[in-house]
Amino acid sequence: RNVTFTGGEPLLPHPDRDKLRKALQDAGYFVNIETNGTMSTKHRYPNEIMVVDYKCDCSGMRDKMNAEAFKYLTSKDVIKLVVDDKDLENLQDILSEVLSLVTDGLSADTYIAPLPTIYLSPCFGRVDVVKLVEAVKRISKAQQVFTIGLSLQLHKLIWDPNKRAV
């Protein structure tokens, strides 16, 4: 009863995309849409959960973020931050920027809706996983605005990170 759309970019226009989303809604499926943070998440069905990438500096794509991808998120949604060691040093500033995008510039005190969950994920080979876990613990204690979790690409830890179809 669960379906995940992932990339390329599943929110790019496609003639059958909305028909499929509507059919899944009508059939009672729960749908996760994993989007790269460049497309608006405004038009969605109640059964859809958005997983939106926020591009940190390690991606080289931070300037591609679209505010429309973040301001329609709800507490059932997720924002994924792929980070390296340098991003971890600036994590509080990054979270402040993400908060501003989600709340459309309102302060956390003024914004009353529950916020999406944040997942930190390592930019493989560019972050010490122990430092990442420590950062999750530290930032979770330091701020009470977001729920913070950890997302690991286990296949890259278990097998050769370049191996496909694992």
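Me: Across which strands does helix α1 lie, and at about what angle does it run to β1?
Reply: In this predicted model, helix α1 comprises residues 17–26. The strands it lies across are β1, β2 (30–35) and β3. Relative to β1, helix α1 runs at about 160 degrees.

Me: In what order do the six strands of the open sheet stand, and which of them are at the edges?
Reply: The pairing in the sheet is parallel, and the order is β1-β2-β3-β4-β5-β6. A strand with a single partner has one side left without a neighbour in the sheet, so the edge strands are β1 and β6.

Me: Which residue in β5 is the bridge partner of K80?
Reply: Strand β4 (residues 78–83) is joined to β3 by five bridges, and Y54 stands opposite L81 in β4. With β5 (residues 117–122), β4 pairs in the parallel sense over six bridges. In β5, the partner of K80 is Y119.

Me: Why are the buried residues of α3 on the same side of the helix?
Reply: The buried residues of α3 are L91, I94, L95, V98, L99, L101 and V102. In an α-helix there are 3.6 residues a turn, so residues three or four places apart point the same way.

Terms used: Residues are numbered from 1 along each chain as its sequence is written. This is a predicted model: local features need pLDDT of at least 70, side-chain atom pairs count only at pLDDT 80 or more; totals for chains, interfaces and linings use all residues. Side-chain values use heavy atoms; hydrogens and water are left out. Two strands pair if DSSP finds at least two bridges between them. Helices (H or I, at least four residues) and strands (E, at least two) are DSSP runs, numbered from the N terminus. Buried means under 20% relative accessible area, exposed over 50%, partly exposed in between (1.4 Å probe, protein chains only). Contact means heavy atoms within 4.5 Å. Axes are lines fitted to C-alpha atoms, for helices over the stretch in contact, and angles run from 0 to 180 degrees between N-to-C directions.
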